[in-house]
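Please read the numbered points with the structure open.

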Amino acid sequence: MAQVPPDADVLEMSSSAAETMLECGSSFVMIAESGDSRRLVAARDIPNGTRLFHLEGRETDRPTRYSVQIGADLHLDTDCARDDAEVLARYYWRYLDHSCEPSTVLRERAMVAVRDIAAGEGVTFDYNTTEYDMAVPFQCYCGTVRCVGTVRGARHLTPVQRRRVARRLPAYLK
């Protein structure tokens with residue numbers, strides 16, 4: 001389990017009895033920590049169209065388990081973080097969960113709300129709308145009607161699945 005730095009702002013919230021809320025570098029989101037898992041949640045109600053935060057990280061030409069693809073051969077990775085405090089301050093986007101019906105989309109390195117997000121709700125995006133080919137594919141458990149099952153990247157989407165996400169795909173994946 002990742003250790004919380006002693007100087008991190010920790011807030012107890014009532015979203016779940018077993019979750020601790022950690023402040024991060026965005027006023028719109030917090031990190032919900034439960035056991036050895038972390039996820040981003042809305043710190044307050046967020047209106048559709050709001051820019052939540054800007055992604056930063058080490059640029060690389062290869063995908064990793066925690067990188068996000070931002071161009072045809074360009075990925076942002078969090079492996080440049082010196083410690084957990086820096087992850088919380090700058091690279092908290094690492095804790096964005098996947099959903100086949102996400103609450104945000106990546107645009108020009110910024111996460112933007114695609115619908116209203118309630119305070120305490122998980123902040124998610126569709127990994128298939130940024131990644132051509134996932135470094136580490138995984139089984140999706142989002143439970144939505146449009147769940148793709150295994151998340152492997154845009155190149156693995158069926159024509160029907162591709163049409164559903166077409167408006168969210170960046171130019172490098174079209």
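**Note on salt bridges, strands and pockets**

1. Arg82 and Glu86 are joined through their side chains by a salt bridge, with an N to O distance of 3.7 Å. The term salt bridge denotes a side-chain nitrogen of Lys or Arg within 4 Å of a carboxyl oxygen of Asp or Glu. Arg82 is exposed, its relative accessible area being 71%, whereas Glu86 counts as buried at 7%. Here buried means under 20% relative accessible area, exposed over 50%, and partly exposed in between, with a 1.4 Å probe and protein chains only. Both residues belong to a network of salt bridges that links Glu56, Arg82, Glu86 and Arg90.

2. On provenance, this is a predicted model in which local features need pLDDT of at least 70 and side-chain atom pairs count only at pLDDT 80 or more, while totals for chains, interfaces and linings use all residues. Residues are numbered from 1 along each chain as its sequence is written, and side-chain values use heavy atoms, with hydrogens and water left out.

3. How many salt bridges does a search of the whole structure find? The search finds twelve. One of them joins the side chains of Arg39 and Glu19, at 3.1 Å from N to O. Arg39 lies in strand β4 and Glu19 in the loop between β1 (10-11) and β2 (20-23), so this contact ties together parts that are 20 residues apart in sequence. Strands (E, at least two residues) and helices (H or I, at least four) are DSSP runs, numbered from the N terminus. Arg39 is partly exposed, at 25% relative accessible area; Glu19, at 9%, counts as buried.

4. A further salt bridge pairs Arg168 with Asp126, whose closest N and O atoms are 3.3 Å apart. This pair links distant parts of the chain, 42 residues apart: Arg168 is in the segment after α2 (159-165), and Asp126 is in the loop between β12 (124-125) and β13 (138-139). Arg168 and Asp126 are both buried.

5. β2 and β3 run antiparallel and are joined by four bridges; two strands are taken to pair if DSSP finds at least two bridges between them. Thr20 has Glu33 of β3 as its bridge partner, and five residues separate the two strands of this hairpin.

6. On the β4 side, β3 pairs in the antiparallel sense over six bridges. Ala32 has Arg39 of β4 as its bridge partner, and Arg39 is also the residue that meets Glu19 in a salt bridge. The hairpin of β3 and β4 has two residues between the strands, and Gly35 in the turn has a positive phi of about 60 degrees.

7. Four bridges join β10 to β11 (residues 110-113) in the antiparallel sense, and Val105 stands opposite Val112 in β11.

8. Which residues lie nearest the centre of the largest pocket? They are Tyr66, Arg94, Leu96, Asp97 and Tyr127, from a lining of 28 residues. A pocket is, on a 1 Å grid over the protein atoms alone, an open set of points where a 1.4 Å probe fits, with protein on both sides within 12 Å along at least five of seven lines; lining residues have an atom within 4 Å of a point. The volume is about 770 Å³, a volume being the space filled by probe spheres set on the points. β4 (37-42) and β9 (97-98) are the elements that give two or more residues to this lining, and β4 gives the most, with three.

9. The second largest pocket holds about 240 Å³ of space. Its lining comprises 15 residues, of which Cys100, Glu101, Pro102, Arg164 and Arg168 lie nearest the centre; Arg168 is also the salt-bridge partner of Asp126.
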